[in-house]
Protein chains: 2
Amino acid sequence: MSFSMYSASVPVFKQILTSLSSILQKAEAHCTERKIDPAALLQARLYPDMFPMLRQVLIACDFAKGAAARLAGVEVPKYEDNEVSFADLQARIAKTIAFIESVPRADIEESAGRTITLTSGGTTREFVGQAYLVHYALAHFYFHATTAYDLLRHNGVEIGKKDFIGSF
Amino acid sequence: MSFSMYSASVPVFKQILTSLSSILQKAEAHCTERKIDPAALLQARLYPDMFPMLRQVLIACDFAKGAAARLAGVEVPKYEDNEVSFADLQARIAKTIAFIESVPRADIEESAGRTITLTSGGTTREFVGQAYLVHYALAHFYFHATTAYDLLRHNGVEIGKKDFIGSF
C-alpha cells in the first residue's frame with residue numbers, strides 16, 4: 001500500500017487548524033470570564049523579538065495554504081494579514097481550511113515528484129514535492145501552530161495536548 | 001510518483017532531532033558563557049503543570065523511536081528516562097537516531113496499511129499505519145520538539161527558526 005501526498009497534507013493541516021480554532025475559542029472565553037483584554041493573549045510573545053500569538057496563527061495558516069497550493073501547482077492566494085481579533089483569527093482559519101479543501105485532490109496526489117520553487121528573502125530554493133511537504137512545509141506549520149498553543153498555555157489558558165492533537 | 005512511508009518518517013525525525021541536538025548545544029554554551037546553572041534551562045517550564053524542557057526532549061525522542069518501531073512492526077526499545085544533564089540529552093538523541101536508522105527501511109515502506117495498536121492510560125486505539133504517522137506520531141513529535149525550542153527561546157537562548165528546521 002503506498003502512501004498518499006493528499007493524506008499527508010490537506011487532512012493534516014485541517015486537523016491542526018481545527019484544533020487551533022477550538023483552542024482560540026477557549027482562549028477567548030478565558031478572556032471574557034476573567035475580564036482580560038484579548039490583546040493580552042493576542043499580542044503575547046515568548047520573547048521580545050518573537051512574533052506574537054496572533055501572528056503565529058497567521059503564519060501557520062500561510063504554510064497550510066502555501067503547501068496545498070504549491071503541491072497542486074495553483075496560485076497561492078494572498079491574504080491581507082489585517083486580523084486583529086479572535087473573531088478575525090477564526091475567519092482566517094475558516095478561510096484557510098476552505099481554500100485547502102478546494103484544491104483538487106488529484107493534483108496534490110500527483111505532486112510527490114513535482115518541482116516546487118520557493119523564493120524568500122531574495123533567495124530561490126527548489127524542492128521535490130515530497131521533500132517540500134515532509135521536511136519543510138509540515139515542519140514550519142507545526143512550529144508556528146505549537147508556538148501559538150505554547151503562548152496560550154504559558155498565559156494560563158486551560159488547554160492540554162489533546163486539544164492540540166484534536167481528532168482525525 | 002507515489003509517496004514513501006520511510007521518507008515521511010525516519011529522515012524527518014532525524015532532521016528535527018539533529019536540530020534539537022544543535023539547539024541544546026547552543027543552550028549549554030549559553031549557560032557556560034553566562035554562568036547560568038544548566039538546571040535553569042533543563043528544568044524550565046512554560047507553566048507549572050507543563051513538563052520541563054528536559055522532559056520535552058525525552059518525549060520527542062520517544063515519539064520518534066515509537067513511530068519507527070511500530071511502523072516496522074518491531075519492539076519499541078525501552079529507555080530508562082534517567083537523563084539529567086545536557087550531555088545526557090545529547091546521548092539520548094544520538095541513541096534515538098541510531099535506533100530509528102537501524103530499523104529496516106523495507107518494513108517501514110510497507111507500513112502504510114499496517115494496523116498499529118496503541119495502549120495508553122488503559123485505553124487501546126487502533127490506527128492504520130499511514131494515519132498513525134501523519135495524524136498522530138508526527139503531531140506529537142513536533143509538539144514536544146517545538147515546545148523544547150520555545151522554552152529555550154523564552155529563556156533567552158539565541159536561536160531562531162532556522163535552527164529548528166535545520167537541514168535536510
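Predicted model: local features only at pLDDT ≥ 70, side-chain atom pairs only at ≥ 80, totals over all residues.

Residues are numbered from 1 along each chain as its sequence is written, chains are lettered from A in the order in which they are written, and side-chain values use heavy atoms, with hydrogens and water left out.

**Stop 1: the interface.** Select chain A and chain B: 42 residues of chain A are in contact with 43 residues of chain B (contact means heavy atoms within 4.5 Å). Now pick out A:Phe3, A:His135 and A:Phe143, which supply 20% of the area that chain A buries against chain B, more than any other three residues (buried area is the accessible area, 1.4 Å probe, that two parts lose on being put together, summed over both).

**Stop 2: a salt bridge.** Show the side chains of A:Asp49 and B:Arg153, which meet in a salt bridge at 2.8 Å, N to O. The term means a side-chain nitrogen of Lys or Arg within 4 Å of a carboxyl oxygen of Asp or Glu. The count between these chains is 2.

**Stop 3: a helix in chain A.** Select residues 53-72 of chain A, and you have α3, with 20 residues (helices are DSSP runs of H or I, at least four residues, numbered from the N terminus). Is α3(A) mostly enclosed or open? 17 of its 20 residues are buried, so α3(A) is largely enclosed by the rest of the structure (buried means under 20% relative accessible area, 1.4 Å probe, protein chains only). Finish on A:Gly73, which follows α3(A) and has a positive phi, near 75°.

Definitions and conventions:
Helix = DSSP H or I, 4+ residues; strand = E, 2+ residues; numbered from the N terminus. Expected span 1.5 Å × (residues − 1). Buried < 20%, exposed > 50% of the residue type's maximum accessible area, 1.4 Å probe, protein only.
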